[in-house]
Amino acid sequence: MNSEQQHALLRKMAQLMQGGLKTQTEPFPETEKEFAAILTELRQLKADDIEGKMVISGFVDQPYGPDKQRCMECMYYLVHREWCDLPELAVPVDADWWCRLWRI
Amino acid sequence: MANLLWLQGGACSGNTMSFLNAEEPSACDLVTDFGINVLWHPSLGLELGENLQKMLKALTAGTLALDIFVFEGTVVNAPNGTGEWNRFAGRPMRDWVRDLSKVANFVVAVGDCATWGGIPATAPNPSESEGLQFLKRGHGGFLGKDFKSKAGLPVINIPGCPAHPDWITQIVVAVATGRGGDLTLDEFQRPKTFFTSFTQTGCTRNMHFAYKVSATEFGQRKGCLFYDLGCRGPMTHSPCNRILWNRQSSKTRAGMPCMGCTEPEFPFFDLAPGTVFKTQTVMGVPKDMPSGVDKTGYIKLTAAAKAASPRWAEEDIFVV
């Protein structure tokens, strides 16, 4: 994916969330087993099913929860690429977004 | 000339294989350069049957000096505390271990099984295995917490699964050449010279650890293995990245997470499904922090490190 395609996809994802896309922000996976179950769901999607990925992983376009968690601090986030490096997601993301696969 | 005897209890022979690959010094150097007389070893010993029994009896009777008793593998107590599941030279191995430990100048436990029970002692521990002086983190083990060898030292623990070959031979040489008294041991009776620093010390992925860039798949050269793949390098005491394996590399350098095998709890989480090669978290935060770091500090550090990380930290810089 080149830079232009990446930005186009980022815009598309942002528009989906601005348009009210309902995603599964809860329950947050408290254990590895729960985390793994979400990954299993994601693996069943086609690689280009962006909306499906966003719904299952609970994307929101703002910091989340009392601790204001955001992609910026997540271990999967590559700051300079503005990219989520979790293989099951592998999508462009904004630093101020969040999803329930957040890990620090 | 120092007499050395090496026996195996509940073992896979991994530490023997490791020992035979030693380089600095090598197993041969022990004999030719350091005057160690290997009385018997499972892979090297010549005596068989009655001759071996005769030698072991001479050792326990004190008519043949035992300077260094090296034990590999667990002390097997099953069934019902008899040790009959692991017989050797006509009697339970545990009985030999008890008698030989009484007459040895130094007792050296090599590998996790001999030190604290290792994998055989993992619940439900059907072989009733224990280490020589520890069972996991609990002090005591087969010989009891007050045991001291004739030289006045407790069991010298050289853990690892397996222990690095040069840790073994260097400690044996120190003891054989009269420098055993110089050894300082930590709370788990590991020689401090090897087990004070961390596996992470010298890891080539430290830059990625510092900038909080994670490896997300095995074999990736970019990224730290601690964040996602369960690496225990930041909280495991070993010199694996200072004294390299095969003089070449280490697990973490090769993209394989450290499993913490020099710590008493190994294997961690009793090998429950999903706990191996996966960092255990609570609400997204690692359960086990790098040694000495608390949760608040960790979160603050992550935010700062991410914000400061350079572009190259996200790239594979190990180009051929």
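In chain B, B:Val70 stands opposite B:Val108 in strand S7(B), strands being DSSP runs of E of at least two residues and helices runs of H or I of at least four, numbered from the N terminus. This is a predicted model, in which local features need pLDDT of at least 70 and side-chain atom pairs count only at pLDDT 80 or more, while totals for chains, interfaces and linings use all residues. Residues are numbered from 1 along each chain as its sequence is written, and chains are lettered from A in the order in which they are written.

**The sheet of chain B**
- Strand S3 (residues 68–72) of chain B runs parallel to strand S7 (residues 106–110) of chain B, and 5 bridges join them.
- These strands belong to an open sheet of 5 strands in the order S2-S1-S3-S7-S11, with parallel pairing, where two strands pair if DSSP finds at least two bridges between them.
- Strands S2 (36–40) and S11 (156–158) of chain B stand at the edges, each with a single partner strand, so one side of each has no neighbour in the sheet.

**Between the chains**
- In all, 19 residues of chain A are in contact with 21 residues of chain B, contact meaning that the C-beta atoms of two residues, placed from the backbone, lie within 7 Å.
- The largest share of the side of chain A that touches chain B, 3 residues, comes from H2(A).

**Helices of chain A**
- In H2(A), A:Ile38, A:Glu41 and A:Leu42 meet A:Lys53, A:Ile56 and A:Ser57 of H3(A).
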